[in-house]
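Good morning, and thank you for joining this meeting.

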Amino acid sequence: MQTSFLQFSRSKTFTLTSLRFSIPERSSLFNRSTMASASMAVLPSTPIRQISTHGQRARVSALNKFASSSRVSMSASVGSSVALTDDLLFKDYKPTRAFLFPGQGAQAVGMGKEAQTEPAVAELFKKANDILGFDLLDICINGPKDKLDSTVISQPAIYVTSLAAVELLRERGGEDIINSADVTCGLSLGEYTALAFAGAFSFEDGLRLVKLRGEAMQDAADAASSAMVSVIGLDSDNVQLLCDAANEEVDEKDKVQIANFLCPGNYAVSGGVKGIEVVEAKAKSFKARMTVRLAVAGAFHTSFMEPAVSRLEAALATTQIRTPRIPVISNVDAQPHSDPDTIKKILARQVTSPVQWELTVKTLLEKGLKRGYELGPGKVIAGIVKRMDKTAAIENIGA
């Protein structure tokens with residue numbers, strides 16, 4: 001969120017969060033020490049419209065909706081005049097090399113096999129098996145595909161395999177290439193991978209969160225008839241108009257919305273099955289090139305996932321989260337956050353909030369990003385970045 005240092009008086013009401021600045025060492029992925037001090041932070045209760053560098057009505061609407069309903073911040077009346085600061089540690093970050101992590105849908109049978117020659121990777125999968133209670137590597141390598149594609153399996157599988165790719169890159173390029181990353185982010189689920197890479201939580205704690213996230217999202221999807229579809233060939237304004245037209249024809253329980261601002265010409269719509277069917281039927285009349293029904297459990301990144309929020313909040317409340325050692329860009333507002341409590345609250349709301357991936361990549365490029373690595377299965381993220389800037393140097397490191 002765009003914020004500043006503030007002076008406030010007794011009569012004003014502000015949004016209050018807490019801040020702990022910590023300075024982790026640049027050490028291995030699983031052993032980071034921190035020094036923390038505490039202070040209080042205030043965010044002005046201003047429209048979230050200021051975040052976006054885009055003018056699209058759809059994105060502004062999505063962000064304002066998040067601002068009005070989010071539990072990320074709370075209003076509090078402050079009783080004394082004192083200067084406080086919010087989580088601005090990474091406010092003026094200048095990206096040169098980004099580590100980018102994929103989300104659900106990137107999984108493929110055979111992933112993880114390439115990196116098994118590395119002892120560090122074998123150790124990751126061993127730890128994963130102990131936490132998950134099943135042989136994750138066997139499913140990654142041998143499938144079957146429908147089992148790997150299930151939400152409860154694919155999310156942990158992508159998280160572990162993506163961090164395995166980090167270890168593979170470390171082996172190939174040494175610690176210097178790992179430490180050269182000065183910003184990181186991930187698509188939806190990949191935000192957890194990015195936070196683990198940045199030292200915000202341990203590999204083990206991150207995997208426990210991802211395991212619960214997959215289970216909670218699957219349960220929420222099972223509780224309602226919902227779906228997702230990609231709309232190809234329209235800008236976000238026209239996808240919003242398509243959603244508006246569909247919503248005029250369905251009941252409240254089947255309403256749809258843009259759930260993933262992926263990249264220009266590719267936006268995912270989530271909602272009730274009937275609403276999704278209307279979107280598919282009307283897409284051609286709005287000049288969409290095509291629609292592609294997504295093989296996911298339900299309407300991710302919408303209010304359909306609300307039942308998952310309380311479970312995530314409970315798990316995050318007992319998880320130690322530290323200030324990341326480098327900026328981690330949030331899917332919710334396309335901004336980096338340094339306050340651990342704010343990170344927890346944003347992660348809980350992420351499953352019901354539209355993914356601002358297009359804005360994230362656009363901002364990184366505008367801020368001067370020179371090089372990036374997509375770490376994990378698939379090449380979707382590299383394709384997105386290249387689509388937005390053909391000159392961008394993006395290398396995929398699979399595992």
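Predicted model: local features only at pLDDT ≥ 70, side-chain atom pairs only at ≥ 80, totals over all residues.

**A helix, a histidine and a pocket**

In helix H12, the buried residues are Trp357, Glu358, Leu359, Thr360, Val361, Thr363 and Leu364. Helix H12 runs over residues 357-366 and is mostly covered, with seven of its 10 residues buried. Just after H12 comes Gly368, which takes a positive phi of about 105°.

The protein has 399 residues, and 58% of them count as buried. Its secondary structure comes to 13 helices and 12 strands. Consider next the contacts in the protein with a separation of 6 or more: residues 24 or more positions apart account for 79% of these.

I turn to a single residue, His301. Where is His301 found? His301 sits in the loop between strand E9, residues 290-293, and helix H10, residues 306-317. Why does His301 count as buried? The reason is that its relative accessibility is 4%, and the term buried applies under 20%.

Which residues is His301 in contact with, leaving aside its neighbours within four places in sequence? Among them are Arg213, Gln257 and Ala259, and also the residues Gln350, Val351, Thr352, Ser353, Pro354 and Val355. Ser188 belongs to this list as well, and the side chains of Ser188 and His301 are joined by a polar contact of 2.7 Å.

My last topic is the largest pocket, whose volume is about 680 Å³. This pocket is lined by 33 residues, and those closest to its centre are Gln104, Gly105, Asn260, Leu294 and Val296. Several elements give two or more residues to the lining: helix H4 (145-149), helix H7 (203-222), strand E6 (226-232), strand E7 (256-263), strand E8 (266-272) and helix H13 (380-388). Which element gives the most to the lining of the largest pocket? That is E6, with three residues.

Finally, how do the residues of this lining divide into nonpolar, polar and charged? The lining of the largest pocket holds 19 nonpolar residues, 10 polar residues and four charged residues.

Thank you for your attention.

Notes: Residues numbered from 1 in each chain as written. Heavy atoms only, no water. Helix = DSSP H or I, 4+ residues; strand = E, 2+ residues; numbered from the N terminus. Buried < 20%, exposed > 50% of the residue type's maximum accessible area, 1.4 Å probe, protein only. Polar contact = N/O pair within 3.5 Å; in protein donor to acceptor, adjacent residues only side chain to side chain. Contact = heavy atoms within 4.5 Å. 1 Å grid on protein atoms, 1.4 Å probe; cavity = no way out; pocket = protein on both sides within 12 Å on 5 of 7 lines; lining within 4 Å. Points joined across faces, edges and corners; volume = space filled by probe spheres on them. Nonpolar A, V, L, I, M, F, W, Y, C, P; charged D, E, K, R; others polar.
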